[in-house]
Amino acid sequence: MNYSDELLKKYIDKIEPVSLKYYQACVKRFDGVAKPLGGLGRLEELVARIGSIQRTTDVDISNRRVLVCCSDNGVVKHGVSQSDSSVTQNIARSLVAGTASVSIMAKNAGAIVEPIDMGMNESVAGTIDRHIMRGCNDICEGPAMNRMQVLQAIITGIEEVGRCKEEHVDIICTGEAGIGNTTTSAAIASVIFGKEVSLMVGRGAGLSDDGVIRKISAIEKAILINKPDKSDVIDVLSKVGGADIAGMAGIFLGGAYYHIPIIMDGVISSVAAIVAYYICKDVSGYIIPSHMSSEIAMKYVCEELGLTPVIDGAFHLGEGTGAVAILPLIDMAIRVYYDAARFDDIGVEQYTKQ
């Protein structure tokens, strides 16, 4: 297939805004439940948001999937992470075996986890092989990927959502596995938001003070060498990003194209979401926020997207664990939406907004 800007545009041109009509209808239905108006707060908003995406008041998220994009990053050799790249393959094997943290959580939440090899240094049996390259290049020496590779990764993400659509999936959680990807995420965020690198960098999986300094230095060098064009988010992604982020950006775009809600995980997932948003602004309505990462850059992303995560638990695990964690909360809200007593049932006048 010829992965190109033109092919991506064919998808983008067919993306529509979410349905305000169905959002309002879901809110109205929730208001009829015998409780204070908006009593479940942002959980009610999420149910209505899902209805606006699925274009129905019969909200259903029973068939759920976790797509974990796995890729390696050459920048790891600069000591920006506690682990080396071999850990990415170890995580992928755990995902296949069902022993990774997200796998255990997903089993409890009734979700199926699918690891997708977007660009690991080595293939791992049992993953979905959609790799665009074997490990992204070191951003301190040049671009992580060329433009065609980025477009391939993005379109691959869209195609994976299409596959989920064919399998009647109702909602998708985004996840990732890729040592060094908080570095590439911070690099993208720094360029997009025009902020100093030091304001975008966190400790990732638990860096020391010296590690944080190395991380900042590596990102500053990468931006200086590659000179990413802030006005072209695909250029930014190709020069200082990674295949896992590009694949997840495609998943967010695919959600908008196929009308499937996509749950945003932590900072890496959120950076993928903002990349998708800058490719197509209507994508924002299809994103379901889950938790606020302990990484600094995510605050800026959520502000830009106008999203408020429900969970603030200082998660920094990745894999899609935060996205999966919100599923049981949404489940409970949906059960109230459908099953709780209504004002009409108990003969009490419905509350109104004062």
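Biologist: Before we start, which pLDDT do local features need?
Modeller: Residues are numbered from 1 along each chain as its sequence is written, side-chain values use heavy atoms, and hydrogens and water are left out. This is a predicted model, in which totals for chains, interfaces and linings use all residues, side-chain atom pairs count only at pLDDT 80 or more, and local features need pLDDT of at least 70.

Biologist: Let's begin with the strands. How many residues of strand E2 are buried?
Modeller: Strands (E, at least two residues) and helices (H or I, at least four) are DSSP runs, numbered from the N terminus. Buried means under 20% relative accessible area, exposed over 50%, and partly exposed in between, using a 1.4 Å probe and protein chains only. Strand E2 covers residues 111-119 and is mostly covered, with the buried ones numbering eight of nine.

Biologist: Which residue of E2 is the bridge partner of Arg 65?
Modeller: Two strands pair if DSSP finds at least two bridges between them. Strand E1 (residues 64-71) runs parallel to E2, and eight bridges join them. For Arg 65, the bridge partner in E2 is Ile 112.

Biologist: And which residue of E3 is the bridge partner of Ile 116?
Modeller: Strand E3 (residues 128-129) pairs with E2 in the parallel sense, over two bridges. The partner of Ile 116 in E3 is Ile 128.

Biologist: Is Lys 77 buried or exposed?
Modeller: Lys 77 forms a salt bridge with Glu 141, their closest N and O atoms being 2.8 Å apart. Lys 77 lies in the loop between E1 and helix H4 (86-97), and Glu 141 in the loop between E3 and helix H6 (147-166). Glu 141, at 56% relative accessibility, counts as exposed. With a relative accessible area of 57%, Lys 77 is also exposed.

Biologist: Which residues do salt bridges that share partners join into one network?
Modeller: Glu 160 and Arg 163 both lie in helix H6, three residues apart, about one turn of the helix. The closest N and O atoms of their salt bridge are 2.6 Å apart. The network joins Arg 65, Glu 114, Arg 130, Glu 159, Glu 160, Arg 163 and Glu 167.

Biologist: Which side chain does a polar contact of 2.7 Å join to Ser 269?
Modeller: A polar contact is a pair of N or O atoms within 3.5 Å; within protein, one must be able to donate a hydrogen and the other to accept it, and residues adjacent in sequence count only if both atoms are side-chain atoms. Ser 269 is found in helix H11 (residues 267-279), and its 1% relative accessibility makes it buried. The side chain joined to Ser 269 at 2.7 Å is that of Thr 174.

Key:
Salt bridge = Lys/Arg side-chain N within 4 Å of Asp/Glu carboxyl O.
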